[in-house]
Amino acid sequence: MATETGTGDAPEVLANTSVFPPPPSMYKMFTKQNVAWLAVLRKYKGEADWTHMDADARLEAQRKVLQQAVEGEDTLANHIPMDVDLERELLPPRIDWIEEDGGYQLFGQRWPIPDMAPSLDQLGIPRYFPEGSFDRNEALNKLLRTLLQTYFEIVCDLLQPIRPYDIPVPAPEAHTGAQTAWIPSSHLKERIQHMETVVINFQFLLNELRPAQTRTELSALLRSQLSERRQATQYIRAKCQSIRDEIARLEM
């Protein structure tokens, strides 16, 4: 049973984790037959409100409406969809419901409304820079030096004689006859975790600078375009003046 369940869940897991996920599986419900039944349902349903019904009650109400719509047509009545909630599956989601819920699901991730990036504290990640106003360039340089220093320490650990990593070993300063002090043989796990945290802090600060970077690039682009237009204008004016001078010379 476990194997069958895992096999059945594999496509959904792949859809949520793939870099290029396939379209949601609900697209298979958008058949010509279901779309036609949806049009019939919306025509004959009237003003009935099924919002607060559970799934089974909605399907039963839908079946009754469609049966009344095709009453006397046995061929059509035999093809009424019994297990597809046409309105819930085929109609676009209501924006007011999404706003009321505060977010929506997309490819296995929840996106809040309004869109906002969570802070490091909300993510449970240690913060390696101060709060409030501070020099972000200086903070980025410190994080970069910390990252390089940690990488250097990891390389030094790897250059040590071959032995199991992260196991208790006697401390070098332990005295003979005294109680032996035990220390880890290396700090690879801690340093790798530290590097990961530093990189996340680095990326977080860079993302905070994206708006300022965009404004600076836009300003530089506008200045460049303005300079090009001024040069083009000066060239046109100089050419016009040259033509005037040539015409004046010919008139003489």
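Me: What makes a contact a salt bridge in this predicted model?

Reply: A salt bridge is a side-chain nitrogen of Lys or Arg within 4 Å of a carboxyl oxygen of Asp or Glu. Arginine 249 and glutamate 246 meet this rule, with N to O at 2.5 Å. Both residues lie in helix α9, 3 residues apart, about one turn of the helix. The structure holds 11 salt bridges.

Me: Why is the contact of aspartate 121 with arginine 127 called a salt bridge?

Reply: The closest N and O atoms of aspartate 121 and arginine 127 are 3.7 Å apart. The cut-off is 4 Å, so the pair counts.

Me: What does the salt bridge between glutamate 87 and lysine 45 tie together, and why?

Reply: The closest N and O atoms of glutamate 87 and lysine 45 are 2.7 Å apart. Glutamate 87 lies in helix α5 (residues 86–90) and lysine 45 in helix α2 (residues 32–45), so the pair ties together parts that are 42 residues apart in sequence.

Me: Are glutamate 87 and lysine 45 buried or exposed, and how do you know?

Reply: Buried means under 20% relative accessible area. Glutamate 87 has 13% relative accessibility, so it counts as buried. Lysine 45 has 15%, and therefore also counts as buried.

Me: Which residues do salt bridges that share partners join into one network?

Reply: The network consists of Lys45, Arg58, Asp85 and Glu87.

Me: How do you know that the length of helix α9 agrees with its number of residues?

Reply: Helix α9 (residues 188–251) has 64 residues, and at 1.5 Å a residue it should span 94 Å. Its end C-alpha atoms are 89 Å apart, which agrees.

Me: Where does α9 bend, and what follows?

Reply: The bend is about 40° and falls at arginine 210. A proline, proline 211, follows within four residues.

Me: Which residues of α9 are buried, and what covers them?

Reply: The buried residues of α9 are Leu188, Arg191, Met195, Thr197, Val198, Asn201, Phe204 and Leu205. Their cover includes α7 (120–123) and α8 (136–158).

Me: How many disulfides are there, and by what rule?

Reply: A disulfide needs a pair of cysteine sulfur atoms within 2.5 Å. By this rule the count is 0. Cysteine 156, at 31% relative accessibility, counts as partly exposed, and so does cysteine 240, at 32%.

Conventions:
Residues numbered from 1 in each chain as written. Predicted model: local features only at pLDDT ≥ 70, side-chain atom pairs only at ≥ 80, totals over all residues. Heavy atoms only, no water. Helix = DSSP H or I, 4+ residues; strand = E, 2+ residues; numbered from the N terminus. Expected span 1.5 Å × (residues − 1). Bend = angle between axes of the 7 residues up to and from the residue. Buried < 20%, exposed > 50% of the residue type's maximum accessible area, 1.4 Å probe, protein only. Contact = heavy atoms within 4.5 Å.
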